[in-house]
Amino acid sequence: MSRPARANQICAFCPGLCRFACPIEEAEAFLRDLYLRVLRIAGPLLGEIFTGIARGDALPAVFHCANGKDRTGLAAALLLEALGVSRQDVLDDYELTRRFL
């Protein structure tokens with residue numbers, strides 16, 4: 001799955017969050033800022049997730065978020081990257097969330 005071309009695209013990342021369509025660059029900046037805030041605020045909790053998974057005696061493991069995909073998706077993306085999964089595969093995996101959520 002490849003990322004769509006950027007020319008004249010309108011945000012598909014945050015439908016329903018606002019009443020106005022925004023250029024894809026603004027949507028990407030919004031999500032970047034959101035995820036950086038999540039890392040600052042929830043960093044210790046993400047560390048607990050990874051520590052628990054690394055223990056081995058807690059496997060298999062399931063982690064989820066009751067309110068959506070952002071925190072869980074970020075945790076999954078960080079975990080996949082730490083395990084050596086390619087950046088493109090991580091992005092493709094995250095993109096599947098929109099299709100199935």
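This is a predicted model: local features need pLDDT of at least 70, side-chain atom pairs count only at pLDDT 80 or more; totals for chains, interfaces and linings use all residues.
1. Residues are numbered from 1 along each chain as its sequence is written, and side-chain values use heavy atoms, with hydrogens and water left out.

2. The chain has 3 helices and 0 strands, in the order α-α-α along the sequence. Helices (H or I, at least four residues) and strands (E, at least two) are DSSP runs, numbered from the N terminus.

3. Of the chain's contacts with a separation of 6 or more, 45% are between residues 24 or more positions apart. A contact means heavy atoms within 4.5 Å.

4. Helix 2 covers residues 70–82, and its end C-alpha atoms are 18 Å apart, which agrees with the 18 Å that its 13 residues should span at 1.5 Å a residue. The expected span is 1.5 Å times one less than the number of residues. Glycine 84, with a positive phi near 90°, follows helix 2.

5. In helix 2 the buried residues are Thr72, Gly73, Leu74, Ala75 and Leu79. They pack against helix 1 and against helix 3 (87–100).

6. The whole structure contains 1 aromatic pair, formed by tyrosine 35 and tyrosine 94, edge-to-face, at 6.4 Å centre to centre and with 80° between the planes. Tyrosine 35 belongs to helix 1 and tyrosine 94 to helix 3, so the pair ties together parts 59 residues apart in sequence. Both tyrosine 35 and tyrosine 94 are buried. Rings of Phe, Tyr and Trp (its six-membered ring) pair if their centres lie within 6.5 Å; planes under 30 degrees apart count as stacked, over 60 as edge-to-face and the rest as tilted.

7. Leu36, Leu39 and Leu78 make a nonpolar surface patch, with about 220 Å² of accessible area together. Patch residues have over 30% relative accessible area and no salt bridge, and are joined within 9 Å for like charges or within 5 Å for nonpolar side chains (Val, Leu, Ile, Met, Phe, Trp, Tyr). A salt bridge is a side-chain nitrogen of Lys or Arg within 4 Å of a carboxyl oxygen of Asp or Glu.

8. Leucine 39 sits in helix 1 (residues 24–54) and counts as partly exposed because its relative accessibility is 35%.

9. The chain's accessible surface is about 7500 Å², with 60% belonging to carbon and sulfur atoms. Accessible areas come from the Shrake-Rupley method with a 1.4 Å probe; for residues, only the protein chains shown count as cover.

Conventions:
Buried means under 20% relative accessible area, exposed over 50%, partly exposed in between (1.4 Å probe, protein chains only).
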